[in-house]
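Please keep the sequence and the structure in view while reading.

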Amino acid sequence: MTKKYGLLVAATTFVTMSFAQQKGDPAKTEVWQPVPKEVSTGTPFSTPPSDAIVLFDGKNLDNWISVKDSSAAKWEVKNGEMVVNKKAGNIQTKQSFTDYQLHLEWKIPANITGSGQLRGNSGLFLASTGGGDAGYELQIVDSYNNKTYVNGQAASIYKQSIPLVNPAKKPGEWQTYDVAWTAPRFNEDGSLKSPARVTVFYNGVLVQNNYELTGETLYIGTPSYKKHGACPIKLQAHGDPSEPISFRNIWIRNL
Ligand code: MG
């Protein structure tokens, strides 16, 4: 066995093990058709408005903490970017938010390897309702000539809503998400008063149009809601073995 092959087996085993901890069949909630049409676009304007809270300006992770133990976020900051540290796990904002407008830029590395969900997988959790991947995930993954289930491609609301089109850029190019998020509201008894709604522009193109979520996004099973208030914004360190992705220029406006 070559060293490279051994590493791949080890990485694959790690991914399989972490998935296997959950019961049920994840394929049951995968949708493969229709495939969103590909569209090309320029790079949208992205300077933070004067009333925005800047969550990452390329200098440090002062506004972020590690999800697993609330310690300082340990992703790498270099060249004005933050780079996912898969060992350190998910990070989230110190501050909590309810309804907001958010801008975020992300880049799949030019040398990305892997396929399907195991190719630059990360995610923007629009509200982090707990540890791990709890919350509502706007998927991040390489969707440039990379086939996967369409309710799990970039700009999907993971396993809930297929993006309207696919404006993905090549690995190595910066991409943008602009999001308007309306948090769900709950009655005192914990029942749902009004669902979460989300509008997403991906590279300046509308891909989610006031979509009403059916609950928190899940890898396995049927989504449902559980009561929560204001929540942090979370970024995913996915356990796939592909090269880590980068983020820059993240800002938010409370609504
Ligand atoms: Mg993800």
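Donors are N, O and S atoms within 2.8 Å of the metal (3.2 Å for Na, K and Ca), and sites may look incomplete since water is not among the atoms. With that definition, the donor residues of the magnesium ion follow the spacing N-S-x14-E-x1-Q-x96-Q in the sequence. The model is predicted, and local features need pLDDT of at least 70, side-chain atom pairs count only at pLDDT 80 or more, while totals for chains, interfaces and linings use all residues. Residues are numbered from 1 along each chain as its sequence is written, and side-chain values use heavy atoms, with hydrogens and water left out.

**The magnesium site**

- The protein donors are Asn121 (OD1), Ser122 (O), Glu137 (OE), Gln139 (OE1) and Gln236 (OE1), which lie 2.2 to 2.3 Å from the magnesium ion.
- Glu137 is buried at 5% relative accessible area, where buried means under 20%, exposed over 50% and partly exposed in between (1.4 Å probe, protein chains only).
- Gln139 is also buried, with a value of 1%.
- Ser122 is buried as well, at 0%, and belongs to strand E8; strands (E, at least two residues) and helices (H or I, at least four) are DSSP runs numbered from the N terminus.
- The side chain of Ser122 reaches the backbone oxygen of Gln236 at 2.7 Å. This is a polar contact, that is, a pair of N or O atoms within 3.5 Å; within protein, one must be able to donate a hydrogen and the other to accept it, and residues adjacent in sequence count only if both atoms are side-chain atoms.
- Leaving aside residues up to four places away in sequence, Ser122 touches Glu137, Gln139, Ile140, Gln236, His238, Ile245 and Phe247, contact meaning heavy atoms within 4.5 Å.

**The five-stranded sheet**

- Five strands form an open sheet in the order E3-E6-E16-E8-E9, with antiparallel pairing; two strands pair if DSSP finds at least two bridges between them.
- Strands E3 (64-66) and E9 (137-140) stand at the edges with a single partner strand each, so one side of each has no neighbour in the sheet.
- Strand E8 (residues 122-125) is joined to the antiparallel strand E16 (residues 234-235) by two bridges, and Phe125 has Lys234 as its bridge partner in E16.

**The nonpolar core**

- The largest nonpolar core has 50 residues, and those with the most contacts inside it are Leu124, Tyr177, Trp181 and Phe247. Such a core is a set of buried Ala, Val, Leu, Ile, Met, Phe, Trp, Tyr and Cys residues joined through side-chain atoms within 4.5 Å.
- The elements that give two or more residues to this core include strands E2 (53-56), E11 (174-182) and E17 (246-254), and the largest share, four residues, comes from E7.

**Salt bridges**

- There are eight salt bridges, each defined as a side-chain nitrogen of Lys or Arg within 4 Å of a carboxyl oxygen of Asp or Glu.
- Arg248 and Glu105 form one of them at 2.7 Å, N to O, and link strand E17 to strand E7 across 143 residues. Arg248 is partly exposed at 29%, whereas Glu105 is buried at 3%.
- Arg119 and Asp142 also meet at 2.7 Å, N to O. Arg119 lies in the loop between E7 and E8 and Asp142 in the loop between E9 and strand E10 (165-166), so the pair ties together parts that are 23 residues apart in sequence. Both residues, Arg119 and Asp142, are buried.
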